[in-house]
Amino acid sequence: LQLTFSGTLHLTVFPPEGRPEHHLGPAAAEEKSLSLSLPKSLPDGRHMSILDRFGDAAGEYQLQPFFNEKVCFLFDLPGPGKGEEAWRKSVLQTFLGTNDETLKTAVPGEKSSVD
């Protein structure tokens, strides 16, 4: 499975409470630097970028709009921590909606069709 890529992410998150959140923008994952970059839409219609670094200089970097500038905030990594395994889990969860264990235990099923 190739985990170094970039593209445009169209993502809808359904939180337990509240309205669905729609995120659209450039996204990328790079295995060499253990980095994951994602767009995030803010409630007021503005957009920010999130860069999660799981290797050197680990942390969550948030680039948020501030008038005509962008401000960078650095937070601790959310979720599984840092390192290659944490990066892999985060990428698979974000883009496939599942984790490594699900893929390792998957077995081929019957072919089917839908009319």
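The legends below describe close-up views of a predicted model.

**Figure 1. Overall arrangement of the predicted model.**
The protein contains two helices and six strands. Read from the N terminus, these elements follow the order β-β-β-β-β-β-α-α. Along the principal axes, the C-alpha atoms occupy a box of roughly 55 × 40 × 25 Å. Of the 115 residues in the protein, 25% are buried.

**Figure 2. The largest pocket and its lining.**
The volume of the largest pocket is about 510 Å³. Its lining comprises 21 residues, and those closest to the pocket centre are Leu11, Leu38, Ile50, Asp52 and Thr94. Two or more lining residues come from each of strand E1 (5-13), strand E2 (21-30), strand E3 (35-41), strand E4 (47-53) and helix H1 (84-96). Sorted by class, the lining consists of eleven nonpolar, five polar and five charged residues.

**Figure 3. Helix H1 and the residue that follows.**
Helix H1 is made of 13 residues. From the first C-alpha to the last, H1 spans 18 Å, close to the 18 Å expected at 1.5 Å a residue. An α-helix has 3.6 residues a turn, so residues three or four places apart point the same way. The buried residues of H1 include Ala86, Trp87, Ser90, Val91 and Leu92. Just after the helix comes Gly97, with a positive phi of about 75°. H1 also belongs to the group of elements that give two or more residues to the lining of the largest pocket.

**Figure 4. The aromatic pair of Phe5 and Phe95.**
Three aromatic pairs are present in the structure. One of them joins Phe5 and Phe95 in an edge-to-face arrangement, with 5.0 Å from centre to centre and 85° between the planes. Phe5 belongs to strand E1 and Phe95 to helix H1, so the pair ties together parts that are 90 residues apart in sequence. Phe5 is partly exposed, at 29% relative accessibility. Phe95 is likewise partly exposed, at 27% relative accessibility.

**Figure 5. The aromatic pair of Phe66 and Phe67.**
A pair of aromatic rings is described by the distance of the centres and the angle of the planes. For Phe66 and Phe67, the centres lie 4.9 Å apart and the planes are at 85°, which makes the pair edge-to-face. Phe67, with a relative accessible area of 75%, is exposed.

**Figure 6. The salt bridge between Arg46 and Asp44.**
There is one salt bridge in the structure. It is formed by the side chains of Arg46 and Asp44, at 2.7 Å from N to O. Arg46 has a relative accessible area of 38%, so the residue counts as partly exposed.

Most residues other than glycine have a negative phi. Leu34 is not a glycine, yet its phi is positive, at about 50°. This residue sits in the loop between E2 and E3. Leu34 is buried, with a relative accessible area of 14%, because the buried class covers values under 20%. Ala57 also has a positive phi, near 55°. Ala57 is placed in the loop between E4 and strand E5 (59-66). At a relative accessible area of 46%, Ala57 is partly exposed.

Phe14 is located in the loop between E1 and E2. With 66% relative accessibility, Phe14 is exposed. Phe14 and Ser35 are 21 residues apart along the chain, and their C-alpha atoms are 25 Å apart. Phe54 occupies the loop between E4 and E5. In contrast to the exposed Phe14, Phe54 is buried, with a relative accessible area of 2%.

How values were computed: Residues numbered from 1 in each chain as written. Predicted model: local features only at pLDDT ≥ 70, side-chain atom pairs only at ≥ 80, totals over all residues. Heavy atoms only, no water. 1 Å grid on protein atoms, 1.4 Å probe; cavity = no way out; pocket = protein on both sides within 12 Å on 5 of 7 lines; lining within 4 Å. Points joined across faces, edges and corners; volume = space filled by probe spheres on them. Helix = DSSP H or I, 4+ residues; strand = E, 2+ residues; numbered from the N terminus. Nonpolar A, V, L, I, M, F, W, Y, C, P; charged D, E, K, R; others polar. Expected span 1.5 Å × (residues − 1). Buried < 20%, exposed > 50% of the residue type's maximum accessible area, 1.4 Å probe, protein only. Phe/Tyr/Trp six-rings, centres within 6.5 Å; stacked < 30°, edge-to-face > 60°. Salt bridge = Lys/Arg side-chain N within 4 Å of Asp/Glu carboxyl O.
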